[in-house]
Amino acid sequence: MLEQLLIFTRGGLILWTCKELGNALRGSPIDTLIRSCLLEERSGAASYNYDAPGASYTLKWTFHNELGLVFVAVYQRILHLLYVDDLLSMIKQEFSAIYDPKRTSYNDFDDIFQQLKKEAEARAEEMKKSKQLGKHVNNNLGRKQGQVQNGSVDGGSKKKSGGESGNDGGDGDKSRGRPLENGNLRNNHVGKGEVPAMVNANGKENEASKTGAFDLNKLQKFRSKAAKKTETVVNKVPKEEPNKKITKKNRVWDDSPKESKLDFTDPVSENGEQNISVVAADEGESMMDKEEIISSDSESEEEETRKDSNVDSKKKGWFSSMFQSIAGKANLQKSDLEPALKALKDGLMTKNVAEEIAEKLCESVAASLEGKRLASFTRITSTVQAAMEEALVRILTPRRSIDILRDVHAAKEQGKPYVVVFVGVNGVGKSTNLAKVAYWLLQHNVNVMMAACDTFRSGAVEQLRTHARRLQIPIFEKGYEKDPAIVAKEAIQEASRNGSDVVLVDTAGRMQDNEPLMRTLSKLIYVNSPDLVLFVGEALVGNDAVDQLSKFNQKLGDLSPSPDPRLIDGILLTKFDTIDDKVGAALSMVYISGAPVMFVGCGQSYTDLKKLNVKSIVKALLKLEVSRLMICRS
Amino acid sequence: MDEEKMEKLKIQLQQLLNEAHEFVQKIPPTQINVAIAVVLSTIVLFLIIRLFKRKSSNTIVLTGLSGSGKTVLFYQLRDGSSHLGTVTSMEPNEGTFVLHSELTKNGKVKPVHVVDVPGHSRLRPKLDEFLSQAAGIVFVVDAVEFLPNVRAASEYLYDLLTKASVVKKKIPLLLLCNKVDKVTAHTKDFIRKQLEKEIDKLRASRTALSSADISNEYTLGVPGEAFAFHQCSNKITVAEASGLTSDISQLEQFIREYVKA
């Protein structure tokens with residue numbers, strides 16, 4: 001049964017709630033829905049799950065974009081109500097008929113709502129019955145599983161599902177297990193806004209069920225194993241330890257005598273620091289503190305290309321669109337938005353935005369524009385582009401303050417060092433950018449200390465040692481083949497002893513699929529509870545950005561033994577100078593993780609560290625390429 | 001040679017002047033008068049329009065963190081009640097109306113243009129559109145949940161006070177402590193002192209980044225002294241209100257002070 005149904009304006013005033021369903025909602029699901037879903041441009045998703053102590057709800061919504069209204073239905077998660085979408089669209093139609101911007105109370109809507117609800121429930125019952133009749137004729141496993149799933153926990157039909165499962169004995173366990181697994185899966189993903197992962201998991205489940213009965217059993221076993229893994233506290237020794245003990249033998253290619261010395265690094269003597277010149281540490285002002293000059297000539301280019309894209313369509317289409325733009329079309333339908341959105345999506349993908357993200361963004365923009373009246377003298381393309389631009393600015397604007405210096409001062413007052421951990425996959429530039437951040441902090445009179453917790457890669461400790469020497473800051477190192485979590489812990493203790501304000505912890509690069517390595521990483525984070533977990537990602541990455549960030553977040557959440565795990569707090573985007581205007585990786589990363597981009601690395605020297613300029617990124621993303629349009633025209 | 005040329009030019013100029021003089025004299029006087037009158041009246045019209053523009057606008061901007069009660073206050077001002085309640089705003093609420101409590105007043109009351117800007121950090125850019133026409137800003141603070149949000153509130157307030165449009169036009173700011181009907185609400189003096197302390201700290205860390213932040217062109221307060229609100233060039237006052245119980249008299253006073261009836 002529905003818990004609550006609300007109608008409110010986009011400005012925030014609640015116009016109508018159902019008085020009969022008087023149960024007060026626990027927690028604040030509506031506010032959370034708005035903050036983490038609708039404002040995050042995920043309004044194209046099908047539903048949203050909300051957990052509060054003592055309740056777990058699923059929320060479904062629909063918009064009336066012309067009048068600026070939002071309709072939200074809340075119900076318990078364990079129920080699978082089929083009629084909610086139907087009901088919402090019917091309510092939308094009826095309410096928009098009686099809506100008046102000046103009115104603020106709509107008590108007469110109560111009766112209409114009751115009527116509509118009965119109609120919708122009746123229709124859903126009919127659909128269920130017709131499905132069940134079809135089941136006896138068609139022995140398709142997939143459909144059966146689907147309807148058992150739908151009918152399983154809904155009030156009156158419990159008896160029916162019991163009867164069905166009695167018919168096929170083996171399926172009985174599966175059917176009961178299925179809702180639980182769904183619930184389990186959803187619990188793992190809740191609060192992280194990972195609706196696509198959930199939808200994907202359900203899709204896989206359905207596909208597997210269609211192939212055969214024993215596959216289902218295997219799938220169930222795997223899933224229960226995974227569930228068990230997430231629950232137990234695991235502290236396995238990383239597997240690469242025994243491998244490292246086997247030292248590498250030098251390869252001998254021909255009969256030349258063995259090279260005795262291959263290590264040409266300077267011996268670190270007590271006076272080693274004096275040999276290096278002090279000038280190297282001062283390369284001028286870091287680019288973080290310099291103003292960004294946005295070129296204005298790019299704007300005129302953008303308008304030209306936009307005109308070109310409009311001429312793109314056929315002559316007849318052009319004429320009708322001109323006519324419509326002058327007259328102002330009645331209401332935007334999804335079919336009208338599709339060509340413009342497709343063009344935009346392709347444009348975004350050529351700018352290196354991940355395909356999944358571009359798809360979701362376009363859906364969200366479509367949801368916000370559907371049913372809106374076109375203002376006269378505007379084309380559909382320009383409306384869509386304006387909406388997309390607004391959405392992009394909204395996503396890239398950070399949700400919380402990214403003022404690190406303020407945080408450092410706050411930690412300083414409390415007397416403890418501010419700990420930053422750099423994580424990421426192999427070769428993205430963690431150590432290089434760590435040195436850049438240290439340089440920038442030094443320029444603002446902050447005492448920095450480095451911690452070399454990359455105890456795996458050869459040369460990592462020496463690399464950091466060189467940086468520390470050039471910047472003249474202390475470095476805490478324990479050599480190789482040590483447990484990084486313990487090294488980090490001791491580094492933090494050392495920092496509080498010698499009065500360092502910030503500790504920058506360097507970790508080894510690891511692939512997001514490598515479970516033992518991800519476990520050691522989450523252990524490091526759990527043991528040391530850093531103030532900032534910075535994910536270092538390169539701007540060259542394409543669709544893999546989505547996979548990297550979502551898996552990192554997921555593993556950090558799943559493998560952490562604490563009930564409230566630390567996730568990625570910020571993103572450091574590197575190698576920005578290698579991409580011209582294909583800046584889409586920034587958008588993919590911010591969208592999928594919700595973390596703001598705190599720094600942008602744009603070169604290999606100490607001063608090449610910038611802040612993200614939201615306006616220039618949005619401009620670069622929306623600029624259509626002229627060459628591509630020429631191909632379309634011919 | 002040059003002197004001859006000069007002489008010739010002089011003579012030519014004089015001839016032109018004479019011709020022009022005769023031409024002007026030939027036109028009947030009414031036409032000249034009408035032409036002069038038209039030119040003068042257009043100049044006067046422009047001056048009047050300019051004067052009108054400089055006259056105070058009637059826009060009041062309600063801003064503050066998300067959840068501080070701006071939308072409730074907006075509807076209290078407009079209708080006298082907050083109806084069925086509010087949720088997080090996704091878009092600004094605008095309206096030009098006579099304040100609800102003044103509907104019963106006799107005589108002509110000037111309507112006020114009130115704008116309620118969403119407080120969610122993702123929607124901050126919307127504030128800039130309305131600041132340019134603001135006659136007064138109301139910064140709403142949640143007096144109950146003040147301490148957990150004091151940093152975010154002070155950062156927002158700092159950004160607001162250092163915006164070019166606010167400093168140049170000296171837009172007055174009212175610090176409104178909302179939700180005072182609750183028992184655990186803090187007093188307005190406490191809130192004011194805490195905000196001053198936080199902004200003082202922000203001054204230190206923000207001046208470090210000042211050249212990178214284009215919007216923060218101005219620094220606050222007197223360097224070397226602790227920050228206090230009375231050091232700002234625009235007038236800052238503190239008041240209390242309660243949106244849910246319609247206790248908004250101090251807010252209405254502020255509005256009436258700066259939007260002349």
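In this predicted model, the axes of helix 13 (residues 334-350) and helix 15 (residues 380-396) of chain A come within 9 Å and cross at roughly 50 degrees. This angle makes helix 13 of chain A oblique to helix 15 of chain A. The crossing between helix 13 and helix 15 of chain A is right-handed. On the helix 13 side of chain A, the contact involves Asp336(A), Leu337(A), Ala340(A), Leu341(A), Leu344(A) and Leu348(A). Their partners in helix 15 of chain A are Ile380(A), Thr381(A), Val384(A), Gln385(A) and Met388(A). By residue class, the contact of helix 13 with helix 15 of chain A comprises eight nonpolar, two polar and one charged.

Helix 15 of chain A also packs with helix 14 (residues 355-369) of chain A, at an angle of about 120 degrees and with the axes 10 Å apart. Here too the angle makes helix 14 of chain A oblique to helix 15 of chain A, and the crossing is right-handed. From helix 14 of chain A come Leu361(A), Cys362(A), Val365(A) and Leu369(A). They meet Thr383(A), Val384(A), Ala387(A), Met388(A), Ala391(A), Leu392(A) and Ile395(A) in helix 15 of chain A. The residues of this contact divide into ten nonpolar, one polar and no charged.

Turning to the strands, an open sheet of chain A is built from eight of them in the order 8-7-9-6-10-11-12-13, with mixed pairing. Its edges are strand 8 (475-476) and strand 13 (609-610) of chain A, each of which pairs on one side only. Within the sheet, strand 6 (residues 418-423) and strand 10 (residues 532-538) of chain A run in the parallel sense and pair over four bridges. Val423(A) can be found opposite Phe535(A) in strand 10 of chain A. Across strand 6, strand 9 (502-506), strand 10 and strand 12 (597-601) of chain A lies helix 16 (residues 404-414) of chain A. Helix 16 runs at about 135 degrees to strand 6 of chain A.

A final point concerns a single residue. Arg77(A) sits in the loop between strand 5 (69-76) and helix 2 (84-98) of chain A. Its relative accessibility is 7%, so Arg77(A) counts as buried, the cut-off being under 20%. Although Arg77(A) and Asn49(A) are 28 residues apart along the chain, their C-alpha atoms are separated by 7.5 Å.

Terms used. Residues numbered from 1 in each chain as written. Chains lettered and ligands numbered in written order. Predicted model: local features only at pLDDT ≥ 70, side-chain atom pairs only at ≥ 80, totals over all residues. Heavy atoms only, no water. Axes fitted to C-alpha atoms, helices over the stretch in contact; angles between N-to-C directions. Helix = DSSP H or I, 4+ residues; strand = E, 2+ residues; numbered from the N terminus. Parallel < 35°, antiparallel > 145°, perpendicular 65-115°, else oblique. Left-handed = near helix turned anticlockwise from the far one by under 90°. Contact = heavy atoms within 4.5 Å. Nonpolar A, V, L, I, M, F, W, Y, C, P; charged D, E, K, R; others polar. Buried < 20%, exposed > 50% of the residue type's maximum accessible area, 1.4 Å probe, protein only. Pairing = 2+ DSSP bridges.
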